[in-house]
Amino acid sequence: MKRLHEFIGDEYSLLLDFPLYNKILINTEFEIEDENEAIYGDGELIGVFTLTHFLENRDFQAMKSIFLNEEINNFHYCPFCDKSVPIVYKSSIEIPEAIRNPILSSDNINSSELHEANVNHAETVFDERYKAVRDLLFDRNGILNIELNCTAKEQHKFNIIFALDKKGYLTKIGQSPSIREFDNSSKRYKSILKGKQNKQIIRELNTSTGLKSHGIGIGSFVYLRRIFERLIYGQYDILLTENPTDNSEDFKNLRMAEKIEYLKDYLPKFLVSNKSLYSILSKGIHELSEQECLENYDTVYAAIIYILEQKLEIDEKNKREQEIQKNIQSILNKS
């Protein structure tokens with residue numbers, strides 16, 4: 001399960017890309033950190049001074065940093081502009097001075113009684129801070145509405161809704177435009193996804209990300225596996241155009257790892273080197289739970305995208321070579 005502090009520095013992966021209905025944990029306990037300093041007298045160690053810090057935990061600090069930020073301004077894809085533009089989030093809530101400092105208290109504790117008293121005090125202070133921040137952000141039903149906008153002339157607006165329960169779990173329960181609309185990765189690969197096997201890949205890529213965004217792990221894996229299979233059979237179609245006498249029935253009877261080896265001259269190197277990706281996808285469908293599939297999805301999806309990137313790179317390289325050869329031939333014809 002994700003922790004809120006993991007999104008520091010990558011806030012838009014939470015605000016715009018994180019799937020609906022997946023829980024994010026916010027730790028609701030304070031942290032204790034000891035700082036030791038050696039004390040010397042006449043050049044000899046005579047004791048150790050221990051300073052005990054009672055601190056806000058990282059998730060609580062992230063809660064303030066992300067949702068009470070004066071401004072977050074990063075590039076992200078805007079589905080209305082159909083390009084990457086600066087997208088801005090500004091909190092209109094003023095942070096009270098009492099909750100700005102992440103240190104609750106700091107003392108040299110030299111007895112168990114004093115330690116217990118300080119712990120109790122820090123617990124009270126932290127509970128008060130957590131309630132104060134929660135009440136600043138969330139309404140009485142635990143709902144937080146966020147609005148972002150892009151910096152284009154039209155100032156396109158994006159709305160996100162979060163819910164916080166009493167156990168400290170944060171859940172994104174609504175988003176407009178949808179997460180699927182923010183994913184523009186499939187558009188990039190239209191030029192290379194042609195032919196009877198490849199033409200369905202864009203649709204299935206969108207379906208896969210859509211299912212994942214709604215917390216459906218196994219179903220999203222099913223579509224990733226279909227995409228993987230289509231990439232393999234799409235390249236075999238290319239082989240057949242160059243070698244029409246190749247026995248397609250023999251190819252169909254090969255196991256997936258054998259198919260990949262058979263097509264190694266027609267496939268991106270990354271795919272050939274990572275044949276095991278298919279077994280992960282199959283395991284996800286037959287053995288892994290919904291949650292395990294969701295946890296593994298981003299890695300497997302990134303691998304598929306990387307395969308498409310290599311395929312696009314090969315295609316662009318071939319186009320450049322053809323263009324150069326064409327220009328060279330044009331020069332030769334004039335001479």
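Two strands count as paired if DSSP finds at least two bridges between them; strands themselves are DSSP runs of E, at least two residues long, and helices are runs of H or I, at least four, all numbered from the N terminus. The model is predicted, with local features needing pLDDT of at least 70. Residues are numbered from 1 along each chain.

**Exercise 1.** Find the bridge partner of Lys2 in strand 2, then place its strand in the sheet.

*Solution.* Start with the partner: Lys2 bridges to Ile24. Next, strand 1 and strand 2 (residues 23–25) run parallel and share two bridges. Zooming out, the open, mixed sheet has seven strands, ordered 1-2-10-9-8-6-5. Strand 1 (2–3) and strand 5 (72–78) are the edges, each pairing on one side only.

**Exercise 2.** Work out whether Asn145 is buried or exposed, and what it touches beyond its sequence neighbours.

*Solution.* Asn145 sits in strand 8 (residues 143–150). Its relative accessibility is 55%, so it's exposed (over 50%; buried is under 20%, partly exposed in between, with a 1.4 Å probe and protein chains only). Skipping neighbours within four places in sequence, Asn145 contacts Ile160 and Ile161 (heavy atoms within 4.5 Å). Ile160 is 15 residues away in sequence, yet the C-alpha atoms are 5.9 Å apart.

**Exercise 3.** Describe how helix 5 packs on helix 6.

*Solution.* Take helix 5 (residues 201–213) and helix 6 (residues 217–242): their axes are 8 Å apart, at about 160 degrees (lines fitted to C-alpha atoms over the stretch in contact; angles run from 0 to 180 degrees between N-to-C directions). The pair is therefore roughly antiparallel (over 145 degrees).

Notes: Predicted model: local features only at pLDDT ≥ 70, side-chain atom pairs only at ≥ 80, totals over all residues. Heavy atoms only, no water. Parallel < 35°, antiparallel > 145°, perpendicular 65-115°, else oblique.
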